[in-house]
2 protein chains.
Amino acid sequence: MALIVHKYGGTSMGSTERIRNVAKRVAKWARAGHQMVVVPSAMSGETNRLLALAKELAPARPDDAYSRELDALAATGEQASSALLAIALQAEGMPAVSYAGWQVTIKTNNAYTKARIESIDDERVRADLDAGKVVIITGFQGVDDGGNVTTLGRGGSDTSAVAIAAALKAHECLIYTDVDGVYTTDPRVVPEARRLHTVSFEEMLEMASLGSKVLQIRSVEFAGKYRVPLRVLSSFTDWDIDINEEASSGTLISFEEDEHMEKAIISGIAFSRDEAKISVLGVPDTPGIAYQILGTVADANIEVDVIIQNISRDGKTDFSFTVNRNDYAKAVDLLKARVLPALGAQEVTGDARICKVSIVGIGMRSHVGIASKMFRVLSEEGINIQMISTSEIKTSVVIDEKYMELAVRALHKAFDLDQPAD
Amino acid sequence: MALIVHKYGGTSMGSTERIRNVAKRVAKWARAGHQMVVVPSAMSGETNRLLALAKELAPARPDDAYSRELDALAATGEQASSALLAIALQAEGMPAVSYAGWQVTIKTNNAYTKARIESIDDERVRADLDAGKVVIITGFQGVDDGGNVTTLGRGGSDTSAVAIAAALKAHECLIYTDVDGVYTTDPRVVPEARRLHTVSFEEMLEMASLGSKVLQIRSVEFAGKYRVPLRVLSSFTDWDIDINEEASSGTLISFEEDEHMEKAIISGIAFSRDEAKISVLGVPDTPGIAYQILGTVADANIEVDVIIQNISRDGKTDFSFTVNRNDYAKAVDLLKARVLPALGAQEVTGDARICKVSIVGIGMRSHVGIASKMFRVLSEEGINIQMISTSEIKTSVVIDEKYMELAVRALHKAFDLDQPAD
C-alpha cells in the first residue's frame, strides 16, 4: 500500500496490443492496493513522425517562435498515448484519468525544446488518487508561465516521471523500458556483463553521463536531488508476473550505502563513441585562457565534456577538451578563425576517431590504486591513453576508438565484473 | 484592411505540400494588410486514425470518463496541424503563433464529444494580431470549467471558425473546403447544378439541416446568431490567385436580402438518403400522445426529424416520423416493446427505403403556389409522396428512395435552377 509511479517508454507503448499490456500491469498494481500514477511516452515513432512533418515544412531554426510550435507539435504524441492508456485501463474496469502537463500543472521555464521543470501542483492528482483512480500524466512536457506548451527534450519522460514521483513523495518510481536493468557494461560488447541489483545514485549519475543510455541523466539528477528511489526494469516480462517478484526485479538506484556497495569497488564500465578531441597547442599561460577558449565554444552552443590543461612550460601550455562528434568540425573551424589569432596560440589539432571509456564505482572513494590498475590493464593490452579525467567515483580515459571494445572487455574482466556479486 | 478568419478543412491540410499552400495563401492575405486568424482542421485521416486506436482498446461507451479521454485523444490532431501551419507560415517569413482551445481560451460546456462553445476570450489573440502575427487557433475543441479538453463533434471546426469570427467581430469568415461553393443541388446528381453567388442565412440553414453537407449546421446557426458573414470557397485554387478575385469567389452566406434574392424564388434542392420512416397506427387521439411516443424515442438518444400527426378519425389517429436510418431498427423495437402496449395502439410500421427531398428558398415567403408546383412536378413523374413537411422557406417530401435522383432532377429543371441567375 504505497504511492507508486510507473513510467513506460515509447516501445512499451508502441501498439494498442502493448498499451493493453501496460494497462493490465498497472491495474494489477492498483488492485494490490497501491495508488498508481503512470507517465507514458508517445507511441514509438510518433515523435519522429511529427518532427519529420515539421522538417518537411521548414528547416530547423533556433528562434523561439519556431521552437514554441515544435513543442506544441511534439507534445501531442504523449497526449494521445496518455488518453489511449486511460481508455485501456477503463476497459480493464479500472477508473483512470489522463492529464496533459498544463492540466496538472507541471510548470517549466520557457526554454522550448529543452525546458526544465520548476514546480508540480499535486492537488488535482491527489484528489483523483484518493477517489481510487489511476492518474496518467503526459511525460516530456509542461507549460510555462505564459501558458505555452514546452517539452523537456529527448528522453524527457524519465525526468517527468521522477519529478512527479518527487512532488508526490512516491514510495518508488519504476522506469519500465526495453532492457531489464542496469548492467556492469553493455552486454552487446561484453557478453559476460551482469545486471546490477542495486547501484548507488552517484554511480548511476556517472554511468548516465558517461554514455550508458538506460536513463536520461537529468532524471537521475532529479532523483538525487529529491531522493526518489528509482527502479529500472523491463516492460517485456508478462504483465501477470507475481507482483512481489516484479517489485524486486530490475536495478534499484538507491540512496543507501549498504554492505553490498562497500564490497564492489567498481560497479560498471561506461563508454561512448560520440566524442571528438580538440587541442589548442602553445597557448600563452596567462589568466583567462580557459575562458577565452571554452567561452567561444560555449557561445556557439557546443557542449564540452572532458577538459584538460597541461602544466605550462616556457610560459606556454596545451589545452585539450572533448566535444560531441557532431560539433567537431564546427568547433575546430571556430577555434582556428577566432581563438588562434586572438591568443597567438600555435596550432589547433583534433581527432574525431577517439572514444571515452570510464570505470565507475562508489568504492573508489575508499580504495586506492583503482585508477592505476585501470592504466595497467590498458597498457598490458597495448592501448595508448590520450587523455585522463577523474572524479571521486569514476576514472575516464580517452583512447583510439578502434580499441574501445578491447578496453571495455579487458577492464570488465580485470575488475571481476563478470563474477556474481556476493 | 480588415480582420479575416480563414478555416481550412482536413483535406486542405492533408499533407505538408498542402499545408505549405495554405500558408502561402494566408500570407498573401496578411501581406494585403488584413489581420488574419486561421482555424485548421486535423490533417485528413488523422482523427479517424486516433479514434480507431481507441476502438482497438475498448468498445465505445457512453460514460463521461471514456468520452473525456476520447476528446483528449482526438483534440491532438488539430493541435498538431495548427503547429505545423504556424511553422509553415514562419517559413514564408510571416510571424505566426498557434493556440489550442484551452490557450485562447475557448470555453465550452462539459458535454464531451459534442460540447458547445460558451465563450471565447479575445485578449491574447488581439494582442498577437496587433503585433502583426497570424494567429492560428485549433478548431473542433475547447476546454470546460474543470480544465478538461472537450471537442465539438464531427465538423466542429466550422463552428469554431464562426464562433471565433463572432468573438473577434471579423469582417468575414472564409470556409475553405474541397468544393467551390454552395450549389443549387448536388452536381453529382444534377450535372446542370449551378453555384450560388449568394445565399441567405435562412436558406443555408435549411440546406445544411436538409442534408447539404457543405457546412456543419451548427456553424450556420452560430453565423446567424452573431450575424457573421460566411463565405464557402475552394482551397484547391492556386494560392496566388488575385486576392480580390478570391475574395469574391465561392458562395457568400449573407444577412442582407438583396434584389437577387427577391428574384430567385427557390435557391436550391436538398436531399438525404439517411432517413427512415416510422408510423404508429391507430393511436387513441388523447392529449400527451406525441410526448409518449417521441419522449420514449428521445430518451433512447434517437433524433427525430419530420413529424406528422394525421387528423383523427373515430378517436384514433396515425402518428409518423422519420429517424436516422442507423437508428431505425432500434426505434421500431422500442416502440413495439414499450409504446404499443402502453398506448393500446394498433400497429407500428416503418420503411427504411425512403428519402427526403426539399426545395429551399427565401422567396417562398412572398410567393404562393411553390409547394403545389413541387407536388405537380413529382406527380407528373409518377412519384408518390409519403409525407410532407413545410416551413416558411422550405417544403420537404418523403418519397421512395429509388425516385430520389429523378425527383431532384425534375425539380431542379422545373424551378429553372439550371438557368443563370440574372
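How many helices and strands does chain A have? Chain A has 14 helices and 20 strands; here helices (H or I, at least four residues) and strands (E, at least two) are DSSP runs, numbered from the N terminus.

## Before you start

Please keep in mind that this is a predicted model, in which local features need pLDDT of at least 70, side-chain atom pairs count only at pLDDT 80 or more, and totals for chains, interfaces and linings use all residues. Residues are numbered from 1 along each chain as its sequence is written, while chains are lettered from A and ligands numbered from 1 in the order in which they are written.

## Overall shape of chain A

The radius of gyration of chain A is 23 Å, close to the 22 Å that the globule rule gives for 422 residues, so chain A is as compact as a globular protein of that length. That radius is taken over C-alpha atoms, and the globule rule is 2.2 Å times the number of residues to the power 0.38. Along the principal axes, the C-alpha atoms of chain A fill a box of roughly 75 × 55 × 35 Å.

Of the 422 residues in chain A, 48% are buried. A residue is buried if 20 or more other C-beta atoms lie within 10 Å of its own, exposed if 12 or fewer, and partly exposed in between, with C-beta atoms placed from the backbone. Contacts, too, rest on C-beta atoms placed from the backbone: two residues are in contact if these lie within 7 Å. Among contacts in chain A between residues at least 6 apart in sequence, 76% join residues at least 24 apart.

## Two domains

Chain A is divided into domain 1 (3-256) and domain 2 (260-422), with bounds that come from an automatic or database domain assignment. Taken over C-alpha atoms, the centres of domain 1 and domain 2 of chain A are separated by 32 Å.

Where do these domains of chain A meet? In chain A, 19 residues of domain 1 are in contact with 22 residues of domain 2. On the domain 1 side, the elements giving two or more residues are β10 (198-200) and α7 (201-209) of chain A, and α7(A) has the largest share, four residues. By class, that side has eight nonpolar, six polar and five charged residues. In this scheme, Ala, Val, Leu, Ile, Met, Phe, Trp, Tyr, Cys and Pro count as nonpolar, Asp, Glu, Lys and Arg as charged, and the others, Gly among them, as polar.

## How the two chains pair

Now for the partner chain: 30 residues of chain A are in contact with 30 residues of chain B. On the side of chain A that touches chain B, at least two residues each come from α1 (16-31), α2 (46-57), α3 (64-91), β3 (96-99) and α4 (101-104) of chain A. The most come from α3(A), with 15 residues. By class, this side of chain A has 20 nonpolar, seven polar and three charged residues.

The same surface serves both copies, as 100% of the contact residues of chain A recur in chain B.

## The nonpolar core

The largest nonpolar core has 254 residues, and Leu84(A), Ile164(A), Leu84(B) and Ile164(B) touch the most other members. Such a core is a set of buried Ala, Val, Leu, Ile, Met, Phe, Trp, Tyr and Cys residues joined through C-beta atoms within 7 Å. Leaving aside neighbours within four places in sequence, Ile164(A) is in contact with Val5(A), Val37(A), Val39(A), Ile120(A) and Ile137(A).

## Backbone details worth a look

A cis peptide bond joins Val104(A) and Thr105(A), with omega about -5 degrees. In chain B, the peptide bond from Val104(B) to Thr105(B) is cis, with omega near 0 degrees. Thr105(B) sits in the loop between α4 (101-104) and β4 (106-108) of chain B. Not counting residues up to four places away in sequence, Asp121(B) touches Val104(B) and Thr105(B). Asp121(B) itself is in the loop between β5 (117-120) and α5 (123-130) of chain B and counts as partly exposed, with 13 C-beta neighbours inside 10 Å.

Arg227(A), a residue other than glycine, has a positive phi near 50 degrees. Arg227(A) lies in the loop between α8 (217-226) and β11 (230-234) of chain A and is exposed, with 10 other C-beta atoms within 10 Å.
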